[in-house]
Amino acid sequence: MNQIGVHALVWVGGWSEAECRRAIESSKAAGFDLIEIPVLDPSTIDIDMTRQVLQSVGLQAGCSLGLSFDTDISSVDPAIVAAGDRLLHQALEVARGIGANYLGGILYSALGKYSQMPTREGRANCVNVLRGLAREAAADGITLGLETVNRYESNLLNTAEQTIEMIDAIGEDNVVVHLDTYHMNIEESGFRTPVLTAGDRLGYVHVGESHRGYLGTGTIDFPTLFDALAEINYQGTITFESFSSAVVSPNLSTTLAIWRNLWSDGMHLARHARQFIDQGLRTASRSLAEANP
Ligand code: MN
């Protein structure tokens, strides 16, 4: 069975003890197995406090981040690459410390709009850093996910195919493809082929609408996505991601261009999403069984 997660920004924009508690308790109350905690600035996460709240509520956690242009490991500037390497190791330390087994996102470049093509040298730097990070993560049973994102959020990995190529270059078993329907909608030819292309290397999925609001109210073809996941017998985590100007993270919200209010009631949104995902998975597994009696 898939673990079903929810991104912390459905609940809170910061990570004080009160925000941490509210986010984790709300995720549990809305029926999720896991919360995805953004660690763009690992130093803002109180590791012991977070682990204790997770344990007391009985919820799993994953961590995610995007690098910045100051910490871009796909840069050709050794100082910037070194800063990114340090930041990724700090994020890994947070994941390990709070008991998460997943660290994903735009671990491979800055999260932002580039004004030039990626370079061979920068890509090689990225592969080197991620290989070292993956080896360290493996020792703690942590999986790294490279989230394939749209062209305005990275110039390096915009399709599942590109992500697989990079994972092959890294050459470590604990690095997986992380797909996100919001980004697939912009860059891929559809919702089935990239899932099949990733196959058993798909390790994490973000479900988000085309406008990042309520699932089913945009243009994402969710039935095709869920059918494809059933087809490859995907057993990994599926995390709901949604953003609205109602919940603001000072850094992340502006980077993701969250300018509009798509919802105000996170609990209503999250319960709806939980049911939507459940129904999508059940419908897909039923139609797969009917097609293969
Ligand atoms: Mn995502």
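# Close-up views of a predicted model

View 1. The 21 residues of α3 should span 30 Å at 1.5 Å a residue, and the end C-alpha atoms are 30 Å apart, which agrees. Buried positions of α3 include V81, A83, G84, L87 and L88. Further along the helix, A91, L92, V94, A95, G97 and I98 are also among the buried residues. The buried residues of α3 pack against β2, β3 and β4, and against the helices α2 and α4.

**View 2. The strand barrel.** Eight strands close into a barrel, with parallel pairing, in the order β1-β2-β3-β4-β5-β6-β7-β8. On average, neighbouring strands of this sheet are turned by 30 degrees against each other, direction ignored. Strands of a sheet pair through backbone hydrogen bonds, in a parallel or an antiparallel manner. Four bridges join β7 and β8 in the parallel sense. Opposite Y204 stands T237 of β8.

**View 3. Helix α10 over β1, β7 and β8.** Helix α10 comprises residues 266-291 and lies across β1 (4-7), β7 and β8. Relative to β8, α10 runs at about 145 degrees.

**View 4. Helix α8 and its surroundings.** The residues F222, L225, F226, A228, L229 and A230 of α8 are buried. Packing partners of the buried residues of α8 are the helices α6 (181-187), α7 (193-198) and α10, together with the strands β7 and β8. After α8 comes N233, which has a positive phi, near 55 degrees.

**View 5. The manganese site.** Four residues coordinate the manganese ion at 2.0 to 2.2 Å: E147 through OE, D180 through OD, H206 through ND1 and E241 through OE. The spacing of these donor residues in sequence is E-x32-D-x25-H-x34-E. E147 belongs to strand β5 (residues 143-147) and D180 to strand β6 (residues 175-180), so this pair ties together parts that are 33 residues apart in sequence. E147 has a relative accessibility of 7% and therefore counts as buried, the limit being under 20%. D180 is likewise counted as buried because its relative accessibility is 1%.

**View 6. The salt bridge R212 to E241.** R212 forms a salt bridge with E241, a residue that also coordinates the manganese ion. The closest N and O atoms of R212 and E241 are 3.5 Å apart. This pair links distant parts of the chain, 29 residues apart. R212 sits in the loop between β7 (202-207) and α8 (222-231), whereas E241 sits in the loop between β8 (237-240) and α9 (252-255). Both R212 and E241 are buried.

**View 7. The salt bridge D48 to R51 within helix α2.** The closest N and O atoms in the salt bridge between D48 and R51 are 3.2 Å apart. Both residues lie in helix α2 (residues 47-57), where D48 and R51 are three residues apart, about one turn of the helix. D48 has 41% relative accessibility, so D48 counts as partly exposed. R51 is partly exposed as well, with a relative accessible area of 27%.

**View 8. The surroundings of T163.** T163 is placed in helix α5 (residues 160-170). With a relative accessibility of 0%, T163 counts as buried. Leaving aside neighbours within four places in sequence, T163 is in contact with L146, T148, L157 and V177.

Notes
Residues numbered from 1 in each chain as written. Predicted model: local features only at pLDDT ≥ 70, side-chain atom pairs only at ≥ 80, totals over all residues. Heavy atoms only, no water. Donors = N, O, S within 2.8 Å, 3.2 Å for Na, K, Ca; no water. Helix = DSSP H or I, 4+ residues; strand = E, 2+ residues; numbered from the N terminus. Buried < 20%, exposed > 50% of the residue type's maximum accessible area, 1.4 Å probe, protein only. Salt bridge = Lys/Arg side-chain N within 4 Å of Asp/Glu carboxyl O. Contact = heavy atoms within 4.5 Å. Pairing = 2+ DSSP bridges. Axes fitted to C-alpha atoms, helices over the stretch in contact; angles between N-to-C directions. Expected span 1.5 Å × (residues − 1).
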